[in-house]
Amino acid sequence: MKLRLLLGTLMLTAVAAHAQVATINENFNNFTAGNTTFPQGGWSAVIAAPTATPPPVSPRMLVVFDANDNTNKVIQSYAGNNGASPSYLISPQIIAPAGDKTLSFQATLVAPSPGPGSIQIGLASNPADMATFVPVGNAITISTIGAVQNISVPVPASASQYLVFRFTPTTTHVAVQIDNVVYNTASNLAVSDNVKSKEEIQFAINAENTALEFIAKKDPKNIQVYAAGGQKVAEGKLSGRSFDISALHTGVYYILIENAEGSVIKSKFIKK
C-alpha cells in the first residue's frame, strides 16, 4: 500500500514537472539570483562555450537585480570572453502555438557593454538542442545602454513547444537583460511601472481632460491606449500635437508610443 502511494506521488510529480502552459507572465522576481542558477522556474539555458581569449571569463546566463531598481530581478545574458557565439534562454514548455498569441518583453543593454547585442526570438522542439531553433520575425538590436526597449513579437502556429530568446553579442563582455516576459493574446498588455526611457517624448493631459498633449522632436508613428485590465481602448495618430481621450472614462490607463524610429515606449496616465 505504501509502495503504491509512493509510486502515485512520483507519477503526479513527474506529470506536474512537465505540464504545458498556455500563457506566460514572468517578471523573474521569485527566481534565485546568481551566476549558475538554471534551470529554475521551468526556464532553462544553453550557454555559449568559453574561448581561449583572455581574460578567462565564461559566458553566463544570470539572474541579477536591475541596476535601476534593486528590488527588481532580471535575466542577463553575458557574453564573457566569447564575443561571437549566441546563448539561449528557453521558456517552460507551452501548448503548441496556434498563431493567436504575442510574446512581449523589455530589453536593455547593460553598462559597461562595449558594443550592442541582439535578441532573436524563436521556437524550438527540444529545449536542450538548439539545432531545433527556428527564428520568428527579425533579430532585434539592443544598442543603447540603459534604454528600455519594449518589444512585441507575434508567435506563429507551430508544432514546437518552447519559446527561445537567442542572445548574440557583437564583441566580448556584451551584456543584455530582459524582464517582464508575457506570452498571451495580442489584446493583453503587460504593464510595468519601472520603465525608464531616454526617448525625447513627453506628454501631459490638457486642462479639460480630453486630450494628451505631446512634446517630441518627431511625431510618434502610432499610439495605443490600454485600460488597467489590459483591453485596448484607443489607437491612432496625433492630430496636431494632441491625442483625443475624450471618450475614455475616469481611471488609470497605459500607453504604448511607437516613435519615429520604430521603438516602443510604455507609460501611463490618469484621466480624472
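**The interior and its surroundings**

Mentor: Of the 272 residues in the chain, 46% count as buried, where buried means under 20% relative accessible area, exposed means over 50%, and partly exposed lies in between (1.4 Å probe, protein chains only). This is a predicted model, in which local features need pLDDT of at least 70 and side-chain atom pairs count only at pLDDT 80 or more, while totals for chains, interfaces and linings use all residues. Residues are numbered from 1 along each chain as its sequence is written, and side-chain values use heavy atoms, with hydrogens and water left out.

The chain has one helix and 19 strands; helices (H or I, at least four residues) and strands (E, at least two) are DSSP runs, numbered from the N terminus. Among the contacts with a separation of 6 or more, 69% join residues 24 or more positions apart, a contact being heavy atoms within 4.5 Å. The chain exposes about 13900 Å², of which carbon and sulfur atoms supply 55%; these areas come from the Shrake-Rupley method with a 1.4 Å probe, and for residues only the protein chains shown count as cover.

The part to examine is the largest nonpolar core, which has 32 residues. Such a core is a set of buried Ala, Val, Leu, Ile, Met, Phe, Trp, Tyr and Cys residues joined through side-chain atoms within 4.5 Å. F105, I119, F165 and I178 touch the most other members. At least two residues of this core come from each of β3 (60-66), β6 (101-109), β7 (117-124), β9 (140-142), β10 (149-155), β11 (162-169) and β12. Leaving aside residues up to four places away in sequence, F105 touches I119, I121, Q149, N150, I151, F165, I178, D179, N180 and V181.

D179 counts as buried because its relative accessibility is 6%. Besides F105, D179 touches N27, F28, N72, K73, V74 and Q106, again not counting residues up to four places away in sequence.

Elsewhere in the chain, strands β18 (residues 251-258) and β19 (residues 264-271) run antiparallel and are joined by eight bridges; two strands pair if DSSP finds at least two bridges between them. In this arrangement, I257 stands opposite I265 in β19. Five residues lie between the two strands of the hairpin, where G262 takes a positive phi near 100 degrees.

The charged pairs complete the picture. A salt bridge is a side-chain nitrogen of Lys or Arg within 4 Å of a carboxyl oxygen of Asp or Glu, and by this rule there are three. D100 and K101 meet at 3.6 Å, N to O. K101 counts as buried because its relative accessibility is 17%, whereas D100 is partly exposed at 42%. R241 and D219 meet at 3.0 Å, N to O. This pair links distant parts of the chain, 22 residues apart: R241 sits in the loop between β16 (232-236) and β17 (242-244), and D219 in the loop between β14 (211-216) and β15 (222-227). R241 is partly exposed at 40% relative accessibility, and D219 is partly exposed at 38%. E235 and K232 form a salt bridge at 3.1 Å, N to O; E235 is partly exposed at 44%, and K232 is partly exposed at 41%.
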